Amino acid sequence: MFSGLPEQPVDSTSNGKIEPISQDPQPKQKGEGPGKLISEMLQLLSFSEQLRVQSHLIHFNYEGANFTGIHGFLKDEYEMHQHHFDRLGELIRSMDYMTFMCMKGLLGAYKKFKHCESYNPKEMLLTYMENLEDFAFMSKKVAKSAEKIEAIDIENYMAHLVEVSFKASWFIKATLRRS
């Protein structure tokens, strides 16, 4: 079967009655098992959306000698963050848990996000770089939780997020060292 569950023999005593699929998602305990993992993933979902918005706004507001390169780099970044947001949401839903219903809930799930406080190009990039690194470390934490419940698909995707986040951070560091 495509669900990953072993095929079950048909029970002849069931009189052909099919058990209905529950219409309620399964947000249960948050302290352990899938509840803990989902809680962490919801924070990561919030974080990825905040990264998308931040990279897009810096994309608009950045001014400097290396504008063209940074402008293109940040376009790739905010498009990538949009993809991450979508994929994280799909992984949460694939475990039969719900995501947020509105922006208020989404943005409230991760409150440690660092916001740009200046239009200074170096400060904007440094803030974004710090957030990228925090996102990578949070992805490592989620990977450990996924490993505990043998959610290998989530664990593998977290490895991807760690890789691309630290790579983008490196690009920013290399750019700022030259300027």
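**Reading a helical model**

Biologist: How many disulfides come out of the count here?

Modeller: The count comes to 0 disulfides, where a disulfide is a pair of cysteine sulfur atoms within 2.5 Å. In general, a disulfide is a covalent bond between the sulfur atoms of two cysteines. Cysteine 102 is partly exposed, with a relative accessible area of 46%, and cysteine 116 is also partly exposed, at 29%. Those words follow cut-offs: buried is under 20% relative accessible area, exposed is over 50%, and partly exposed lies in between, using a 1.4 Å probe and protein chains only. Please keep in mind that this is a predicted model, in which local features need pLDDT of at least 70 and side-chain atom pairs count only at pLDDT 80 or more, while totals for chains, interfaces and linings use all residues. Residues are numbered from 1 along each chain as its sequence is written, and side-chain values use heavy atoms, with hydrogens and water left out.

Biologist: Which residues have the most contacts inside the largest nonpolar core?

Modeller: In soluble globular proteins, nonpolar side chains tend to be buried together. A nonpolar core is a set of buried Ala, Val, Leu, Ile, Met, Phe, Trp, Tyr and Cys residues joined through side-chain atoms within 4.5 Å. Here the largest such core has 38 residues, and those with the most contacts inside it are Met41, Leu44, Leu88, Ile154, Met158 and Ile172. Two or more residues of this core are given by each of helix H1 (33-61), helix H2 (67-94), helix H4 (121-148) and helix H5 (152-178), and the largest share, 10 residues, comes from H4. These helices are DSSP runs (H or I, at least four residues), numbered from the N terminus.

Biologist: What does leucine 44 touch, leaving aside residues up to four places away in sequence?

Modeller: If contact means heavy atoms within 4.5 Å, then leucine 44 touches Leu88, Phe135, Met138, Ser139, Val142, Met158 and Leu161.

Biologist: How many salt bridges does the structure hold?

Modeller: The structure holds 6 salt bridges, each being a side-chain nitrogen of Lys or Arg within 4 Å of a carboxyl oxygen of Asp or Glu. One of them joins lysine 36 and glutamate 40 (2.8 Å, N to O), which both lie in helix H1, 4 residues apart, about one turn of the helix. Lysine 36 is partly exposed, at 28% relative accessible area, whereas glutamate 40 counts as buried, at 8%. Another joins glutamate 49 and arginine 52 (2.7 Å, N to O), and both of those residues are buried. In helix H2, arginine 87 and glutamate 90 are 3 residues apart, and their closest N and O atoms are 4.0 Å apart.

Biologist: What span should H4 have, and what caps its N-terminal end?

Modeller: The expected span of a helix is 1.5 Å times one less than its number of residues, so the 28 residues of H4 should span 40 Å, and its end C-alpha atoms, 41 Å apart, agree with that. Asparagine 120 caps the N-terminal end, with a side-chain oxygen 2.9 Å from the backbone nitrogen of lysine 122.

Biologist: Where is glutamate 150 found, and is it buried or exposed?

Modeller: Glutamate 150 is found in the loop between H4 and H5 and is exposed, with a relative accessible area of 70%. Its phi is positive, about 60°, although it is not a glycine. Aspartate 96, in the loop between H2 and helix H3 (103-108), has a positive phi near 70°.

Definitions and conventions: A polar contact is a pair of N or O atoms within 3.5 Å; within protein, one must be able to donate a hydrogen and the other to accept it, and residues adjacent in sequence count only if both atoms are side-chain atoms.
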